[in-house]
Amino acid sequence: MPRGSAKLTNARRGEIIAACKELYKTMSFKEITIKEIANYTSFTRPSIYNYFETKEEIFLAILQEEYELWVAELEDITNGNDSLTKREVAEKLARSLEHRQLLLKLMSMNHYDMEANSRMESLVEFKKAYGASINAVEAMLKKFCKDVDQNAFIYNFFPFIYGIYPYAVVTEKQREAMDKAGVNYDYHTIYELAFTSALKLL
């Protein structure tokens, strides 16, 4: 890590992360390289390695950021409401995930590679954000759904959300292939899938 203030370091990391996020809007995970990210920033390729050792580590930082944003929204829901019905909890959980499409995309498509190719210190920081998301959901259940088995909900809902993105976000090529294969599939949105699952578990 280069010398300098923590504020400057965080700003430089933030620029790299923001560039990677922009590239990910039009390029695939495999297509994006450190060189591509450098071309999109004020950094040279060697200088990026002062902040991130691998491309996967940059993506892990994005995923961590997305988890932190999700946690903030969940905490706002819990702190901003005196009471909610189970249906309302399911609705708000589903909306919060609908707002985090990038989180769902990364979770479903590149999670293993990101974790496997990141330094332990980066992985630990990411796991803290992941753990905070579990705690935030548990806090919602404790306040609004006291009769619900929290462990059962967590161990069913969290694995489920890892698979939402591929079912909800489908390319035209995929749709065409499904049609040609004769597969009758009823497409649903992120909100619809998350709401239905959460409500059943509650």
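User: Let's start with the second largest pocket. What volume does it have?
Analyst: This is a predicted model, and in it the second largest pocket has a volume of about 150 Å³.

User: Which residues line that second largest pocket?
Analyst: Its lining is made of Lys105, Met109, Tyr165, Pro166, Val169, Val170, Thr171 and Gln174.

User: OK, on to the largest pocket. How much space lies in there?
Analyst: About 300 Å³. It is lined by 16 residues, and the closest to its centre are Arg13, Phe52, Ala61, Gln64 and Glu125.

User: Which helix supplies the largest share of the lining of the largest pocket?
Analyst: That's α4, with six residues. Helices α1 (6-24), α4 (55-79) and α8 (120-144) each supply at least two residues of the lining.

User: What classes of residue are in the lining of the largest pocket?
Analyst: Seven charged residues, five nonpolar ones and four polar ones.

User: You brought up α4. Where is Glu57 found?
Analyst: Glu57 sits in helix α4.

User: Does Glu57 count as buried or exposed, and why?
Analyst: Glu57 counts as buried because its relative accessibility is 2%, and the cut-off for buried is under 20%.

User: What does the side chain of Glu57 make a polar contact with?
Analyst: The side chain of Ser122, at 3.5 Å. A polar atom of the Glu57 side chain also lies 3.1 Å from the backbone nitrogen of Glu53.

User: Leaving aside neighbours within four places in sequence, which residues is Glu57 in contact with?
Analyst: With those set aside, Glu57 is in contact with Tyr51, Phe52, Asn117, Ser118, Arg119 and Ser122.

User: New topic: how many residues does the largest nonpolar core have?
Analyst: The largest nonpolar core has 64 residues, and Trp70, Leu93 and Phe153 have the most contacts inside it. Helix α4 turns up here too, giving the largest share of this core, 11 residues. As background, nonpolar side chains tend to be buried together in soluble globular proteins.

User: Take Phe153. What is it in contact with, leaving aside neighbours within four places in sequence?
Analyst: Beyond those neighbours, Phe153 is in contact with Leu93, Val137, Leu141, Val148, Phe158, Ala198, Leu201 and Leu202. Leu93 is also among the residues with the most contacts inside the core.

How values were computed. Residues are numbered from 1 along each chain as its sequence is written. This is a predicted model: local features need pLDDT of at least 70, side-chain atom pairs count only at pLDDT 80 or more; totals for chains, interfaces and linings use all residues. Side-chain values use heavy atoms; hydrogens and water are left out. On a 1 Å grid over the protein atoms alone, a cavity is a set of points where a 1.4 Å probe fits but cannot get out, and a pocket is an open set with protein on both sides within 12 Å along at least five of seven lines; lining residues have an atom within 4 Å of a point. Grid points are joined across faces, edges and corners, and a volume is the space filled by probe spheres set on the points. Helices (H or I, at least four residues) and strands (E, at least two) are DSSP runs, numbered from the N terminus. Ala, Val, Leu, Ile, Met, Phe, Trp, Tyr, Cys and Pro count as nonpolar, Asp, Glu, Lys and Arg as charged, and the others, Gly among them, as polar. A nonpolar core is a set of buried Ala, Val, Leu, Ile, Met, Phe, Trp, Tyr and Cys residues joined through side-chain atoms within 4.5 Å. Buried means under 20% relative accessible area, exposed over 50%, partly exposed in between (1.4 Å probe, protein chains only). Contact means heavy atoms within 4.5 Å. A polar contact is a pair of N or O atoms within 3.5 Å; within protein, one must be able to donate a hydrogen and the other to accept it, and residues adjacent in sequence count only if both atoms are side-chain atoms.
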